[in-house]
Amino acid sequence: MTKTKTMGICAAALSLILLTAGTVPAQAATAMEMLRTEVTQVIDVLRDKTLKEDVKREKLRVIYNRMFNQEELSRWSLGRHWNSLTEAQRKEFSPLFQQVLENTYADRILAYDNEKVLFDRELPIAQRRVEVQTRVVAKSREIPVNYRLVQEKDGRWRVYDVVVENVSLVMNYRSQFNEILAKNTPADLIEILRKRAKEQKS
């Protein structure tokens with residue numbers, strides 16, 4: 001699979017991740033129930049024609065922060081290299097990585113076109129980790145999208161990976177980070193992310 005195609009799929013993946021964001025119900029019993037609620041609320045935001053784009057972006061950003069465990073997503077994306085970062089570097093890496101993701105996928109998320117999300121089943125994959133399998137129904141086809149969630153100490157489920165058509169978001173980024181860290185230090189990686197985030201905004 002080419003890098004362009006892979007990135008395209010991951011773009012779709014992240015879009016679908018964010019399409020599932022929303023308020024976590026106070027008594028969500030399962031990861032699937034939480035996701036179902038999030039999907040409804042995010043789609044409501046995207047469908048609201050009274051909201052300006054910048055307002056939608058802010059609402060989605062807030063939702064993302066609530067729904068995603070960014071540190072866990074960052075840790076999985078770095079893999080073994082996570083332990084090479086100092087505590088200060090980890091604290092800087094996670095928001096920078098989130099910013100890069102947002103800059104990369106925000107426009108595609110806002111291009112939502114009335115796709116529907118069907119929830120199929122929830123499968124345990126490890127202790128306190130599950131995978132919720134869904135399908136996104138677009139005009140011309142169905143796309144399998146699997147969400148991997150971790151249950152936090154307070155019982156809340158949060159997403160740390162999304163797999164679209166067997167392509168994992170974190171594994172895709174792990175491959176990129178591995179390539180960078182094979183020739184550079186963690187500090188160099190953070191600087192690369194800073195520059196990328198800045199370039200994306202310019």
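**Entry 1**

I began with Glu72. At 11% relative accessibility, Glu72 counts as buried, because the cut-off for buried is under 20%. I kept in mind that this is a predicted model.

Next I looked for a charged partner. Glu72 forms a salt bridge with Arg75. The closest N and O atoms are 2.9 Å apart. Both residues lie in helix H4. They sit three residues apart, which is about one turn of the helix. With 31% relative accessibility, Arg75 counts as partly exposed.

I noted a general point here. Side chains of opposite charge can pair when their charged atoms come close.

How many salt bridges does the structure hold? I found 16 listed for the structure. I picked out some of them.

Arg61 and Glu102 meet through their side chains in a salt bridge, at 2.6 Å from N to O. Arg61 is in helix H3 and Glu102 is in helix H5, so this pair ties together parts that are 41 residues apart in sequence. I looked up the exposure of each residue. Arg61 is partly exposed, at 29% relative accessibility. Glu102 is also partly exposed, with a relative accessible area of 24%.

I turned to Arg135. Its salt bridge is with Glu142, and the closest N and O atoms are 3.0 Å apart. Arg135 has 28% relative accessibility and counts as partly exposed. Glu142 has 40% and counts as partly exposed too.

I also found a network. Salt bridges link Glu53, Arg57 and Asp107.

**Entry 1: A lysine without a partner**

Is Lys56 buried or exposed? I found that Lys56 is buried, yet it has no salt bridge. Asp48 is the nearest side chain of opposite charge, and it is 6.6 Å away.

I placed Lys56 in helix H3, which covers residues 53–67. Then I listed what Lys56 touches, leaving aside its neighbours within four places in sequence. The contacts are Val45, Leu46, Asp48, Leu51 and Leu110.

I went back to H4 to see how it packs. Two packed helices are described by the angle between their axes and the distance between the axes.

Helix H4 runs over residues 70–78 and helix H6 over residues 169–181. Their axes come within 7 Å and cross at roughly 55 degrees. That makes H4 oblique to H6. From H4, the residues in this contact are Leu73, Trp76, Ser77 and Leu78. From H6, they meet Leu169, Val170, Tyr173, Arg174, Phe177, Asn178 and Leu181. By class, the contact of H4 with H6 has eight nonpolar, two polar and one charged residues.

**Entry 2: Helix H4 against helix H5**

At what angle do the axes of H4 and H5 cross? I read roughly 90 degrees, with the axes coming within 9 Å. H4 and H5 are therefore roughly perpendicular to each other. Helix H5 covers residues 87–110.

On the H4 side, the contact is made by Gln70, Glu71, Leu73, Ser74, Ser77 and Leu78. On the H5 side, I listed Phe93, Ser94, Phe97, Gln98 and Leu101. The residues of the contact of H4 with H5 divide into five nonpolar, five polar and one charged.

Definitions and conventions: Residues are numbered from 1 along each chain as its sequence is written. This is a predicted model: local features need pLDDT of at least 70, side-chain atom pairs count only at pLDDT 80 or more; totals for chains, interfaces and linings use all residues. Side-chain values use heavy atoms; hydrogens and water are left out. Helices (H or I, at least four residues) and strands (E, at least two) are DSSP runs, numbered from the N terminus. Buried means under 20% relative accessible area, exposed over 50%, partly exposed in between (1.4 Å probe, protein chains only). Lys and Arg count as positive and Asp and Glu as negative; His and the chain ends are not counted. A salt bridge is a side-chain nitrogen of Lys or Arg within 4 Å of a carboxyl oxygen of Asp or Glu. Contact means heavy atoms within 4.5 Å. Axes are lines fitted to C-alpha atoms, for helices over the stretch in contact, and angles run from 0 to 180 degrees between N-to-C directions. Angles under 35 degrees count as roughly parallel, over 145 as roughly antiparallel, 65 to 115 as roughly perpendicular and the rest as oblique. Ala, Val, Leu, Ile, Met, Phe, Trp, Tyr, Cys and Pro count as nonpolar, Asp, Glu, Lys and Arg as charged, and the others, Gly among them, as polar.
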